Amino acid sequence: MDLELKGKSALITGGSVGIGLAVARVLAREGVSVAICARDGARAEKEAERIAKEFGVGAVAVATDVSKPGAAESCAAAAEKAFGGIDILVNNAGTGSSETIMEAGDEKWQYYWELHVMAAVRFSRAVVPSMRRRGGGVIINTASICAKQPLGYEPIYNTTKAALVMFGKCLSNELIPHKIRVNTINPGLVLTPDWRKTAGILTAGTDTTVEQYLDKIAKDNAPIGRFASPEELADFYVFMCSPRSSYCVGSAYYVDGGWLKTVE
Ligand code: NDP
């Protein structure tokens, strides 16, 4: 299938590792120039260079903390300067939390609100003028299965990701008259380096290996019995970025190996 993406340009937050990097690489494979942003500029720079060399597309890195005001404008400006405009935005930067509601202070709630919701608000505001000039665009938000089916140890994550899904729906209604499609993707278990690191910490000094630990999590939760690779998730993102998914508007799509226990 020709995804009709060649020559487009994309801005991906949290594009330096894990899901965001996989999305950037698969978009680049389809001929899309990519701007990736993350706090660790050196890592983002290294991946951008690798993408440019491997796929022969434009690739730039921006070192920024997306939870801070001003980040969206500087990233959008860098992408516009490099590629002349932006066709695709993937609001992906984010991370899990661990707390109880009774013990977490306001600052923690505020941080995750800025990271998961306000970043998506600000990046969307920053790129839409460019998309409108180009006659349309695509915005994808990475939320999580936890937006619908909460995990007990991360109420702040669950709550802010649920808010992101609703933001996506509202934004979609506002932007579809301008031919900008907004959708949200809710992944389940995706095997990123961060998951391996956590498993390493939790199994250190025990008889359980990292592989055994991860295997048990997958078998206990996802009917498919395994984690997704970032790459197999990224293929879905790229379809959603493509004009081939032109009637997909304002929805939240689960890519979770059957983990969601209800019918959506
Ligand atoms: P990783 O930790 O592997 O990557 C996160 C990316 O976001 C990195 O590029 C990181 O770079 C960047 N990032 C994190 N915080 C900030 C910040 N404040 N400002 C700018 N960049 C930031 O995460 P995943 O790939 O696992 O997750 C990506 C998204 O997918 C997240 O939103 C996560 O909630 C969601 N998700 C993940 C699942 C999974 O199983 N992996 C399941 C469901 C949802 P740096 O550290 O340099 O800033």
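## Briefing: ligand, cysteines and selected residues

A polar backbone atom of valine 66 lies 2.9 Å from a nitrogen atom of the ligand. The protein covers 91% of the 880 Å² of accessible area that the ligand has on its own. Accessible areas come from the Shrake-Rupley method with a 1.4 Å probe, and for residues only the protein chains shown count as cover. This is a predicted model: local features need pLDDT of at least 70, side-chain atom pairs count only at pLDDT 80 or more, and totals for chains, interfaces and linings use all residues. Residues are numbered from 1 along each chain as its sequence is written, and side-chain values use heavy atoms, with hydrogens and water left out.

**The ligand site**

- The ligand takes up the space of the largest pocket. A pocket is found on a 1 Å grid over the protein atoms alone, as an open set of points with protein on both sides within 12 Å along at least five of seven lines. A molecule sits in a pocket if more than half of its atoms lie within 2 Å of its grid points.
- Helix 1 (18–29), helix 4 (106–133), helix 5 (155–175) and helix 6 (193–203) are the elements that give two or more residues to the shell around the ligand. Helices (H or I, at least four residues) and strands (E, at least two) are DSSP runs, numbered from the N terminus.
- Which residues come nearest to the ligand? Of the 30 residues around it, they are Ser16, Ile19, Arg39, Asn92 and Tyr157. A residue counts as near if one of its heavy atoms lies within 4 Å of the molecule.
- The side chain of arginine 39 has an N or O atom 2.7 Å from an oxygen atom of the ligand.
- For aspartate 40, a backbone N or O atom is 2.9 Å from an oxygen atom of the ligand.

**Cysteines**

- How many disulfides does the structure hold? It holds zero. A disulfide is a pair of cysteine sulfur atoms within 2.5 Å.
- The sulfur of cysteine 37 has its closest cysteine sulfur in cysteine 75, 3.8 Å away, which is too far for a bond. Cysteine 37 is buried, at 1% relative accessible area. Buried means under 20%, exposed over 50%, and partly exposed in between (1.4 Å probe, protein chains only).
- For the sulfur of cysteine 248, the closest cysteine sulfur is in cysteine 241, 11 Å away and too far for a bond. Cysteine 248 is buried too, with a relative accessible area of 17%.

**A buried threonine**

- Threonine 142 sits in strand 5 (residues 137–142). With 5% relative accessibility, threonine 142 is buried.

**Positive phi values**

- Glutamate 4 is not a glycine, yet its phi is positive, about 55°. Glutamate 4 belongs to the segment before strand 1 (9–13) and is partly exposed, at 40% relative accessible area.
- Lysine 179, also a residue other than glycine, has a positive phi near 65°. Lysine 179 lies in the loop between helix 5 and strand 6 (180–187). Is lysine 179 buried or exposed? Lysine 179 is exposed, with 61% relative accessible area.

**A loop glycine**

- Glycine 96 is in the loop between strand 4 (88–91) and helix 4. Glycine 96 is partly exposed, at 36% relative accessible area.
- Glycine 96 and tyrosine 157 are 61 residues apart along the chain, and 5.8 Å separates their C-alpha atoms.

Terms used:
Polar contact = N/O pair within 3.5 Å; in protein donor to acceptor, adjacent residues only side chain to side chain. 1 Å grid on protein atoms, 1.4 Å probe; cavity = no way out; pocket = protein on both sides within 12 Å on 5 of 7 lines; lining within 4 Å.
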